[in-house]
Amino acid sequence: MGDENTVLGALHARHLLRRTGFGARKSEVEAFAPLTRGAAADRLTNFKPAKFRPAGRDIWRRRVSWLKYMVRTRVPLQEKLVLFWHDHFATGYDKVQNHQWMADQNRLLRLHCKGNFKDFVKAINLDPAMMEYLDTFRNFKEQPNENYARELMELFTLGVTDLAGQPNYDQQDIVQISRAFSGWGWDWSRNRVRFNDWAHDYMSEYGAERGPKVIFRNRGGFGPAGRDFTQPGGEGPQEISQVVDILFEHRDSDGKSTVARFITKKLLEYFGHPLPPYPDNATIIDRVILRSGFDVTWDLRRLVREILVDDFFYETASAPPFASSTPKSVVWPVDFVVSTLRLLRVNPRSDKWGNWYIEGGQYGNVPGYLADMGQILFEPPSVFGWDWEEGWINSATLLARYAFARDVAMARGTKAYHLRPQVLMNLGLTAPGDIVDAVTEVVGIRDYLTANERQALMDYLGGPLDLNDPDVRYRKLHGLFALVLQMPQFHLH
Amino acid sequence: MSLSRRDFLIRSGLLAGGLMANGLWARPLVRKAFADIGDRFLVSLFLDGGNDGLNTVVPIANGSFATFRASYELLRRTGPGGLRLEPSVLSPYAIDNDPPTNTPLALHPGLEGLHRLYQLGKVAIIQGCGYPEYNLSHAVSRSIWETASRAAMGPGWVGRYLASRYGASQIPGLSVGYWMAGEFRQQVTSVLTASRLSELQFPLDDWYPDDNSAKLSAFQAVYASAQASSQPLLRYVGNSGQATLTATQAYPTLDNLYQTDRPSWLQQYNNLDTGTARRLREIAKVIYGVVQGVPNITARHFALSNGGYDTHANQGTVGPNQIHYRLHREVGDALEVFYHDLDDMGVADKVLVMIWSEFSRRPQQNDNGTDHGSQGPVFLVGGKINGGVYGNHPNISDSRVLNPGATWDGNTIYSQDNSDPHRSTDFRDVYGAVLKHWLAIPESEILSSLLQLDTGDPTQYWTSPQFDFVHPVNSQPLFLP
């Protein structure tokens, strides 16, 4: 058991850097090892969000632009958080069909990624990509559309049920909230969202028929009167802000903040691993909320900081021998690809058609490998986002991961575009054990191999090797890199 | 499996009259019966987006006990954007009447291929399948169907069955497409995912092919080590990787085998030139491989999907440019080839295809399409199916359907009330029937570990399972012995 004053050490430093970034180099691990958990978490979370916005004249170029940014960024935690929010506020280009809006949303996610969560949700309310994706632009008083209202509660803030399994809202609440969001459209001449009086479901018009604008009469801890969201700001733009304020006051059946628990749970599982069932999960979630004060301040930086000092976060760091109760977590495809490129210092090449590819590789574009691994950025499979953990693993996605590993390790590029082991390790090594240790160290899984697995890699090398001989190097050292990148250990946290 | 074999033999009467005597195995019929169970194939075909049930199984005329055709004509307009299918175009595709109301029904003309199979008696249509308090979100409702759980969580319903019968190193299933089908999801055994068998290629180094065997043995060694780990996720990745490698060595060979042995069938699928035909073709290749006893080809459970059913706009009626017609043609035509291909292989009696969608669509059409709805028909296709119309047509004459107001969205009313002539079928009854009668799982096991009953009002919730569907006309069971 530890706390924020516990010194990291190498194993936990590497874990912290892998989970909050994309791979960890030896020098970074050495720099973090002597720090306490608290000091390290502060160092990682105290960044100023960048204004980066993926560039390009179509969605494919913008996708590559974001990937390139992840590979080169000096603040990888920022991008890990943007990925998290992209999954949370899942929005797909397939429906939005406007790549500028997708890029704008990406910048919005970055600006708010560790800011105030309530402000974040209010900003998402009026994000054009989201308004298009979940039909706020198609929500008129005569033909109300419940899509955004439903997901605002189900996926963005509350969840269908609280931790104890009690419903958080009912259909009537969805209907009521959709009334609040009626009337919004896009003003093409000014290029901004616009509130249209004529399409808004005003109380004066439908009061008698649809009742007062009240939510949470049955749920949420407000009692049978519920909460009237037209007060005190009046209807229109203030109304949707008022709805968010009320959502954030919603209580679980045991009186705890629903929003705080919902978001804390998801972030804990993102940086850590799936939580145990209720009520054990509540113990972990509530202690992190208590330390961070998230249910009062909605400060995401402080919440992430407290997650990164909690014992729960370090549970997946353990090295073999594993107990059956040792938790692990599957590395996301984007994490795998970006980590591999960063750790091996391989630069995919760009061409004038907007491709970004591994020279000599099987695919013409890095996003192509990612598509087969099951993760197309700006194209989550549904409003639910991606399926985490085992959902990432099947024969098709594994073959895509293996192919990427093979191509990165084997591709014969020119100049600085291909794998150059000499910049990563000492080519003077000859003993198979030393070479295996050096390669697994570069990739960051040396601590996670059993003696048998290390021996299997040594057996692959055969006997002592002269790595300065290019033929030996290409045949065996590059082959070893491919193998190590394909090992289960590299695909798990 | 011994129990289920026994069950089968008892059901088929083979254990009666001291048949277990000397020379039993010499009798072909008995040998066949023993080989039968555990010898079956299951194909799950998902219509992605919410298929419009009302324009799939359509009332042609009013029945003796209901005026569904009149209601249909109120709900579905003629003229521009109108979705009404006229009796003249429907009559060639007539099927049995709706059991409780005696309403004459027909399939959408796009389902002509499926209708020919219906005429052969190989298609069962189970009307009005759904669940209470319908969720109109694509993702949630789909998860509910996939997991057979109202909470829309956990492993898939087929996955739970696979996990109970197959081990980590076995490959009992193939999900055709880029994603693992949700109904197959689980962590115990290995289900392949591939859109074409030829894609199951292990990436090796083309520059040093002589090093490949060394690489593969090292790969196998590290994955075998993960398989032996006590950490569940590491073991899962180990199993998946090892199964994937095995599959890459066996499955791509099926391409050649099928091409050599069954070129005319291959041509028939290719002539259709649709995604569904291609996906069923890949399944046919695997079934043929299993039938031929190709080593390491063991997949008997398949999933595929056809997308595009979310017809909010421009749904269309009949004709090659009409969206819903095209979707129906794609599925019906491909299934017809698939069935006859299997029949030609001699295994049509061993294969069951189940066709489902996450929800149906609203009876009242909008401008020129339909919005998300509730209960809809499920199709079961196979040689051992007792073809016909089961279940009850949703009551589209209900005033809440014909005149949707502020309190009801206009979808048909879901009911489990036995006194309701239009009683719905809980979709888990269909799953249970498949598990019990097709996969020979004891009902007690189904209800204890595979499907979960609801608690609450029995006129709404699934509290009394009804797995033993009986044909309303010939009174024989849904699955023929």
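View 1. In strand 4 of chain B, B:Ala106 is the bridge partner of B:Ala94. Strand 3 and strand 4 (residues 105-107) of chain B run antiparallel and are joined by two bridges. Two strands count as paired if DSSP finds at least two bridges between them; strands (E, at least two residues) and helices (H or I, at least four) are DSSP runs, numbered from the N terminus. The open sheet has three strands in the order 2-4-3, with antiparallel pairing. Strand 2 (57-59) and strand 3 (94-95) of chain B are at the edges, each with a single partner strand, so one side of each has no neighbour in the sheet.

The model shown in these views is predicted: local features need pLDDT of at least 70 and side-chain atom pairs count only at pLDDT 80 or more, while totals for chains, interfaces and linings use all residues. Residues are numbered from 1 along each chain as its sequence is written, and chains are lettered from A and ligands numbered from 1 in the order in which they are written.

**View 2. The largest nonpolar core.** This core has 265 residues, and A:Val408, A:Leu480 and B:Val378 have the most contacts inside it. Helix 21 (residues 395-410) of chain A gives the largest share, 11 residues. A nonpolar core is a set of buried Ala, Val, Leu, Ile, Met, Phe, Trp, Tyr and Cys residues joined through C-beta atoms within 7 Å. A residue is buried if 20 or more other C-beta atoms lie within 10 Å of its own, exposed if 12 or fewer, and partly exposed in between, with C-beta atoms placed from the backbone.

**View 3. Where chain A touches chain B.** Here 41 residues of chain A are in contact with 41 residues of chain B; contact requires C-beta atoms, placed from the backbone, within 7 Å. Helix 21 of chain A gives the most to the side of chain A that touches chain B, with eight residues.

**View 4. A cis peptide bond in chain A.** A:Tyr278 and A:Pro279 are joined by a cis peptide bond, with omega about 5 degrees. A:Pro279 is in the loop between helix 14 (258-271) and helix 15 (280-292) of chain A.

**View 5. B:Glu133, a residue with positive phi.** Phi of B:Glu133 is near 50 degrees, a positive value in a residue other than glycine. B:Glu133 lies in the loop between strand 5 (123-130) and helix 6 (138-147) of chain B. B:Glu133 counts as exposed because it has 11 C-beta neighbours inside 10 Å.

Notes. Contact = placed C-beta atoms within 7 Å.
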